[in-house]
Amino acid sequence: MHNRRGGSLESNSLTQFNDLGLSEALLRALTGAGYSTPTPIQEKTIPVMLKGQDLIGIAQTGTGKTAAFVLPILQKIGQETINLSGKHCQALILAPTRELAAQIHDAIKTYGEHMYFTSTLITGGVKPAPQIRAMARGVNILVATPGRLEDHMQQGVINLAETRTVVLDEADQMLDMGFIPAIRRIMAKLPKKRQTVLLSATMPKQIRSLSHDFLKSPVEIAVAPASKPIERIEQKILFMPKSDKRDALIKVLNNEKFDRAIVFTRTKHGANKVTRFIEQAGHTAAAIHGNKSQGARTKALNGFKSGDIAVMVATDIAARGIDIDDVSLVINFELPNVPEVYVHRIGRTARAGKSGMAISFCDPEEREYLTDIEKLTGKALADRPALTDAEKVAVAAAAKKPAGGRGGRGGGGRGRGQGGQRQNEQTGPNANAAKQANRRRRRNKSAQADGANSNSSAGNPNASNNNSNQNKTKRKPQSNRPHGENADLAGLQRFVGANANARKRSA
Ligand code: AMP
């Protein structure tokens, strides 16, 4: 099965889109998009949604989940004749970030190309007036982020009393970003008689309880668990002191062959700094994070999609769920302290059936994060080289610092919560629960570090049009990096080791 980009999404099924009872207009759009067969999540979700049942879908981005919920919504809109009241919407799709919302809105336009319906995108960061105008007559489909939607609801500009279908996309990211209270308030304004669909890559307790409170006898569908990175991703870990990471990054960018690369940093400030030195090394780069204006975020994303920018430097919140063609390399400049984040990050590559590489830099203090990642994914990623005595002292000193107090780490996200370094780790029957609670706390801190406010601004409908146009452009990235050199990661690890030895000698 191939998608419009020539990649393939695996399915063992013989089901075709027309077996799912989709309308001729949708089938034509799917053919136009180059999709021949439904992905597993589409095959399972579409019939359930068409029957009007509530649904919990456990699926990551990259599985085709957007089409899985957009196609049935469009199909129903095509079948039902309803009189739309001003300020109302027939279907509401909630997404955690502006970029993801814009991406879903673009998908709606693609799949609904041969249908007549109205849709609008409501996110923060742009003037509210055009959004108010767009809602004045009511729309069939509203795609929104929770913050701006609530603002409009409080101003009486949007009314959800006639909404028949609601989709909560990336529910676990909404949780990470602190949006669950807003989601609960929004859900409370929806009519009791409605269809509710919740999609999440993972099912933490709070999301489970959200689904208990708002979904009626939902059908549960799970595809490709989030804890298992896609097999096609080649994963490498490079051990080095923190001070070697800049040089190592430039070496990787110079030596690796890649179409587009995403470099993940943990903090917004870190993303800006990394972007600057990538540019100084002669590569095109742009940062995307929650402190950037919407204009800057859209420009960076469009530049990356069109190929004008070869390297995007991103924090987790800004990048999750983003579907960009041909990202063949993901670099973790810092390892995330929450192991699930690692899985999401590396999932930005090897999308739509393609292969990809993920290279992670691991400094001595990050080794415990690596261990967490290996436990989650069930895969040993690398043998640890021995720590020098100085490194052991540094690790022990860092471990003694209180939460958020690890100098230069920024954001507080790397603190070990309740002083629970590995050496002091709890054991016994409550250890797992305590670990999970710590993990959740760290996750929330990381979300805050990246600015959960990323939702309360952004994405204008025009910008998203540009996005979709840019998306179709098939230009190769213009990087200044030298070509033709083979990837030599073993060499890089040697270089990093040599640097460390030189430091030891000069010390
Ligand atoms: P998503 O998980 O919704 O972000 O989708 C991941 C990618 O899969 C997107 O680029 C879609 O264009 C692509 N896609 C969605 N459905 C199909 C399909 N049935 N066949 C091939 N590609 C698809």
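In what order do the 6 strands of the open sheet lie? In this predicted model, the order is 8-13-12-9-11-10, and the pairing is parallel.

**Edges.** Colour strand 8 (233-239) and strand 10 (285-288). Each has a single partner strand, so one side of each is left without a neighbour in the sheet. Looking across the sheet, neighbouring strands are turned by 20° against each other on average, direction ignored.

**Strands 9 and 12.** Next select residues 260-264, which form strand 9, and residues 327-332, which form strand 12. The two pair in the parallel sense over 5 bridges. To see one of these pairings, pick A261: its bridge partner in strand 12 is L329.

**Strand 11.** Now move to residues 311-314. Strand 11 runs parallel to strand 9, joined to it by 4 bridges; show I262 to find it opposite M312.

**Strand 10 and the crossover.** Strand 10 also pairs with strand 11 in the parallel sense, over 4 bridges. Here A285 has V311 as its bridge partner in strand 11. Finally, select residues 294-306, helix 12. Together with strand 10 and strand 11, helix 12 makes a right-handed β-α-β unit.

Terms used
Residues numbered from 1 in each chain as written. Predicted model: local features only at pLDDT ≥ 70, side-chain atom pairs only at ≥ 80, totals over all residues. Pairing = 2+ DSSP bridges. Axes fitted to C-alpha atoms, helices over the stretch in contact; angles between N-to-C directions. Buried ≥ 20, exposed ≤ 12 C-beta atoms within 10 Å, placed from the backbone. Right-handed = clockwise from strand over helix to strand, strands pointing away.
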